[in-house]
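Welcome! Open the structure in your viewer and follow the stops below.

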Amino acid sequence: MKLHHLIETQQFDRSSLKQLFDLATSLEGKRERSLEGKILASLFYEPSTRTRFSFESAMLRLGGDVLTMESVRDSSSDKKGETLEDAIKVINHYADAIVLRHSETGSAARAAAVSKVPIINGGDGNLGQHPTQALLDLYTVQRELGRQDDIHIAFVGNLKYYRSARSLSYLLSKYKNIRITFVSVPELQMGDDVKQHLRENNVRFQETDDMQSIIRDVDVLYQTRIAKEWITTGDYESLKGRYVITRPIADSMKKGAIIIHPLPRVDEIAIEVDDSPHAVYFKQVGYGLIVRMAILKTILNGK
Ligand code: CP
């Protein structure tokens with residue numbers, strides 16, 4: 001598989017996904033020197049724990065090195081007015097790949113347009129994508145259910161401003177007999193661009209505000225956080241707490257069904273759900289590490 005910039009999940013097809021996931025599985029528990037001499041720059045204009053650390057850990061486990069800058073808005077020359085494009089052109093001289101998180105939708109594509117080294121989109125804007133999160137979400141489904149076809153998945157909560165749910169919806173259109181239920185209040189419904197893509201690809205989907213009506217039927221419950229940073233304060237207060245997965249709700253799911261969540265969690269999954277057999281969201285973090293190892297090894301041609 002050839003992969004240079006990784007900007008959106010529409011770049012993948014079933015064959016490239018299989019190659020990537022097979023590679024991820026082969027890297028489980030491994031440390032190697034295949035990326036020795038390569039440098040990854042992590043450039044995060046927004047907060048992150050998982051995306052930044054997992055890419056950095058992945059790079060180190062493959063023998064590469066990392067240049068990292070947190071709070072880019074405060075600690076970089078962004079503060080002096082440097083454009084994203086100029087920053088990328090400069091970092092091209094220092095690194096072999098750049099993982100970028102930025103608050104503006106479309107920023108990863110803008111960076112890619114001026115970058116000779118690969119840009120990996122670590123999340124762009126409130127209406128953009130988070131493709132590497134969606135890849136690890138799909139990998140989690142494959143590992144836990146043993147399949148990617150014939151799945152009923154419910155996305156719950158904040159669907160409008162949740163870029164990884166958007167990215168995963170695009171990925172699911174590659175598979176057979178997928179049923180999607182979008183569960184949200186009207187203010188946070190999935191974007192029309194994603195729904196149009198699903199229609200064009202004949203993916204069955206429905207929308208409801210009633211989580212209880214589908215909980216017993218789903219194979220995958222994809223819970224989301226009501227993103228305070230994207231929602232105005234008044235709306236946030238009225239929206240948070242609308243869809244909370246409690247232990248009785250988790251216990252009502254069918255045998256083998258899974259609850260996934262990109263994390264961070266605030267209060268949308270009760271702590272007592274964590275030891276439910278359905279809860280795989282912390283295991284999902286571990287899958288994320290090997291998927292990101294596979295992404296780096298593919299992009300940087302690690303041998
Ligand atoms: N899931 C995710 O993107 O987490 P971070 O914001 O901590 O990177």
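Start by selecting the ligand: it sits in the largest pocket. A pocket here is an open set of points on a 1 Å grid over the protein atoms alone, where a 1.4 Å probe fits, with protein on both sides within 12 Å along at least five of seven lines; a molecule sits in one if more than half of its atoms lie within 2 Å of its grid points.

Before going on, note that this is a predicted model, where local features need pLDDT of at least 70 and side-chain atom pairs count only at pLDDT 80 or more, while totals for chains, interfaces and linings use all residues. Residues are numbered from 1 along each chain as its sequence is written, and side-chain values use heavy atoms, without hydrogens and water.

Next, select the shell around the ligand: S48, T49, R50, T51, R101, H130, Q133, P262 and L263, each with a heavy atom within 4 Å of it. This shell divides into 2 nonpolar, 5 polar and 2 charged residues.

Now zoom in on the polar contacts (pairs of N or O atoms within 3.5 Å). A polar backbone atom of T49 is 2.7 Å from a ligand oxygen. On the nitrogen side, look for a polar backbone atom of P262 at 3.0 Å from a ligand nitrogen, and a backbone N or O atom of L263 at 2.8 Å from a ligand nitrogen.

Finally, colour domain 1 (9-130 + 286-299) and domain 2 (131-281), whose bounds come from an automatic or database domain assignment. Why does the ligand lie between them? Both domains give residues to the shell around the ligand, so it lies between the two. Their C-alpha centres are 24 Å apart.

Terms used: A polar contact is a pair of N or O atoms within 3.5 Å; within protein, one must be able to donate a hydrogen and the other to accept it, and residues adjacent in sequence count only if both atoms are side-chain atoms. On a 1 Å grid over the protein atoms alone, a cavity is a set of points where a 1.4 Å probe fits but cannot get out, and a pocket is an open set with protein on both sides within 12 Å along at least five of seven lines; lining residues have an atom within 4 Å of a point. Ala, Val, Leu, Ile, Met, Phe, Trp, Tyr, Cys and Pro count as nonpolar, Asp, Glu, Lys and Arg as charged, and the others, Gly among them, as polar.
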